[in-house]
Amino acid sequence: MFEGFEAIDIDVPDRGYEKARIRVVHGGSGPPLLLLHGNPLTHVSWHKIANELARSFHVVATDLRGYGDSVGPRDSGPSHINYLFRAMAQDQVDVMAELGYEKFQVAGHDRGARVTHRMCLDHPATVQHAAIIDVLPNRHIWNNVTKDWAMRSWHWLFMTQPYDLPERMMSGVPAEYFMEKKLSKKGIGLQPFAKEAFAEYVRCFNEKTIHASCEDYRACPTSDFTMDEEDFAAGKKVSCPLLIIWGSLSHTGTVFGDVLSIWQNYSAAECLGGPIDCGHYVPEEAPKE
């Protein structure tokens with residue numbers, strides 16, 4: 001996977017969020033394109049499309065702080081400040097600056113898409129174009145919780161529980177078992193995942209990643225949500241062009257309906273897109289599309 005790419009680690013500074021070490025793979029030539037993965041994945045989730053994109057772009061794929069081979073801080077306090085989407089977004093801006101880019105394009109899936117959304121709001125002069133893959137705005141999710149959503153997004157409610165209940169329970173089963181249950185969606189199963197990619201997800205699902213991902217999910221309905229509400233009330237919207245993509249079989253569309261129109265309420269620029277015939281894990285289920 002990622003033939004011809006270089007793997008490096010970049011230490012990002014303390015900017016009010018404790019410093020982290022970010023794993024980066026990059027390759028290709030052309031305009032810079034940052035790719036951000038989701039939970040419980042790593043940069044490897046882009047392996048089916050990274051080399052094709054590298055024909056036209058300098059592709060940079062990273063592990064979010066604490067995920068994969070990236071290392072984040074342990075203590076986050078009651079605000080979970082070190083795992084805010086704002087902190088994760090700042091990491092990526094610092095990574096791209098270290099590679100020589102003050103402006104770039106970005107595509108994010110799942111948690112990476114939420115980082116992308118926050119990056120667009122916090123760094124409007126930096127993000128030139130953005131692709132949001134199979135999520136809805138954090139604010140919209142928490143203001144429109146339903147039984148159907150809760151049944152299909154059980155991990156959101158589970159992983160937000162206080163330390164260290166979810167950490168102990170997630171660590172209490174083999175990583176391969178948890179990954180199978182988490183990634184296997186009804187009617188789709190594990191078929192979209194290459195054996196090499198699945199093995200990487202299992203390898204990286206350790207105590208470090210479990211704790212970091214729980215802190216990420218704890219921040220989501222608390223400090224992240226507060227920022228999102230304040231931005232929405234102030235009329236702060238994404239100012240760069242947005243591409244919105246989601247899987248037609250994913251809960252994103254089947255539970256919430258017209259995904260594109262919802263995102264248009266959070267955008268002040270061109271906002272286009274539509275569904276792709278697949279489930280939630282779009283980059284691995286429908287790489288050509």
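# Reading rings and charges in a predicted model

Student: Where do I begin if I want to read a salt bridge, say the one between Asp 11 and Arg 21?

Tutor: Begin with the two side chains and the gap between them. Asp 11 and Arg 21 form a salt bridge whose closest N and O atoms are 2.6 Å apart. Keep in mind that this is a predicted model.

Student: Which strands do Asp 11 and Arg 21 lie in?

Tutor: Asp 11 belongs to strand S1 (residues 6–12) and Arg 21 to strand S2 (residues 20–27), so this pair ties together parts 10 residues apart in sequence.

Student: How many salt bridges does a search of the whole structure find?

Tutor: The search finds 19. Another one joins Arg 23 and Asp 69, with 3.4 Å between the closest N and O atoms. Arg 23 lies in strand S2, while Asp 69 lies in the loop between strand S4 (58–62) and helix H2 (85–98), so the bridge ties together parts 46 residues apart in sequence. Arg 23 is partly exposed at 22%, and Asp 69 is partly exposed at 24%.

Student: What about Glu 229 and Arg 139, how do their side chains meet?

Tutor: They meet in a salt bridge, at 2.6 Å from N to O. Glu 229 is in helix H10 and Arg 139 in helix H4, so parts 90 residues apart in sequence are tied together. Glu 229 is partly exposed, with a relative accessible area of 26%, whereas Arg 139 is buried, with 17%.

Student: Which residues do salt bridges with shared partners join into one network?

Tutor: That network holds Asp 9, Arg 23, Asp 69, Glu 200 and Arg 203.

Student: Okay, now the rings. What describes a pair of aromatic rings?

Tutor: You use the distance of the centres and the angle of the planes. Counting such pairs here gives 11 aromatic pairs. Take Trp 142 and Trp 156: their centres are 5.5 Å apart with 55° between the planes, and the pair is tilted. It links distant parts of the chain, with Trp 142 in helix H4 (residues 138–143) and Trp 156 in helix H6 (residues 154–159), 14 residues apart.

Student: Is Trp 156 buried or exposed?

Tutor: Trp 156 is buried, because its relative accessible area is 7% and buried means under 20%. Trp 156 also pairs with Tyr 217, edge-to-face this time: 6.0 Å centre to centre and 85° between the planes. Tyr 217 sits in helix H10 (residues 207–233) and Trp 156 in helix H6, so this pair ties together parts 61 residues apart in sequence. Tyr 217 counts as buried too, at 1% relative accessibility.

Student: Which residues form one aromatic cluster with Trp 156 and Tyr 217?

Tutor: Trp 142 and Trp 149 do, along with those two.

Definitions and conventions
Residues numbered from 1 in each chain as written. Predicted model: local features only at pLDDT ≥ 70, side-chain atom pairs only at ≥ 80, totals over all residues. Heavy atoms only, no water. Phe/Tyr/Trp six-rings, centres within 6.5 Å; stacked < 30°, edge-to-face > 60°. Helix = DSSP H or I, 4+ residues; strand = E, 2+ residues; numbered from the N terminus. Buried < 20%, exposed > 50% of the residue type's maximum accessible area, 1.4 Å probe, protein only. Salt bridge = Lys/Arg side-chain N within 4 Å of Asp/Glu carboxyl O.
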